[in-house]
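Okay, thanks everyone for coming.

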Amino acid sequence: MVAPQPALDDTFRALSDPTRRAVVQALGRGPASVSELAKPFEMALPSFLQHLKVLEDCGLVATRKTGRVRTCTLRAEPLAAAEHWLEAQRSLWTRRLDQLDRLVLQLKDQEDNR
């Protein structure tokens, strides 16, 4: 059994919501204030702040407050860990499918040679 990876689980849980994915995408273009990030969404600010808290709790977003403005920035480390995990899965399944393809071709050749 594979050891649990709570940080990775938290990252995928955070990214499972379309609002949070949109926030991550927006922050990929650069830092933004909470009000700038919330603007495109039709929800009350407290609801948006809950989404932001999920992103902060898993480490995807860092915030800093200057005066009355709270600015958010994207943290790449959790995304890099998720990308690494996904790449490992892609590699595993590519190898398995290549093996299956070779087996199917081998069985077809055997059938053709009968």
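So, let's start with Asp10, which is partly exposed, with a relative accessible area of 31%. Keep in mind that this is a predicted model. Asp10 has a salt-bridge partner, Arg13, and their closest N and O atoms sit 2.7 Å apart. Both are in helix 1, residues 6–15, and because they are three residues apart there, about one helical turn separates them.

In general, side chains of opposite charge can pair when their charged atoms come close.

Next up, Arg70 with Glu56: closest N and O atoms 3.0 Å apart. Arg70 is in strand 3, residues 69–74, while Glu56 is in helix 4, so this pair ties together parts that are 14 residues apart in sequence. Both ends are partly exposed, Arg70 at 29% relative accessibility and Glu56 at 26%.

Then there's Arg75 with Glu77, where the closest N and O atoms are 3.4 Å apart. Arg75 is partly exposed at 33%, whereas Glu77 is exposed, with 51%.

Back to helix 4, residues 45–57. How does helix 2 cross helix 4? The axis of helix 2, residues 18–27, comes within 10 Å of that of helix 4, and they cross at roughly 70°. That makes the two roughly perpendicular, and the crossing is right-handed.

Last thing, the surface. Leu97, Leu100, Leu103, Val104 and Leu107 make a nonpolar patch of about 460 Å². Leu97 belongs to helix 5, residues 77–112, and counts as exposed because its relative accessibility is 53%.

Technical notes:
Residues numbered from 1 in each chain as written. Predicted model: local features only at pLDDT ≥ 70, side-chain atom pairs only at ≥ 80, totals over all residues. Heavy atoms only, no water. Patch = residues over 30% accessible without salt bridge, like charges linked within 9 Å, V, L, I, M, F, W, Y side chains within 5 Å. Areas by Shrake-Rupley, 256 points an atom, 1.4 Å probe, with all protein chains shown as cover. Salt bridge = Lys/Arg side-chain N within 4 Å of Asp/Glu carboxyl O. Helix = DSSP H or I, 4+ residues; strand = E, 2+ residues; numbered from the N terminus. Buried < 20%, exposed > 50% of the residue type's maximum accessible area, 1.4 Å probe, protein only. Axes fitted to C-alpha atoms, helices over the stretch in contact; angles between N-to-C directions. Parallel < 35°, antiparallel > 145°, perpendicular 65-115°, else oblique. Left-handed = near helix turned anticlockwise from the far one by under 90°.
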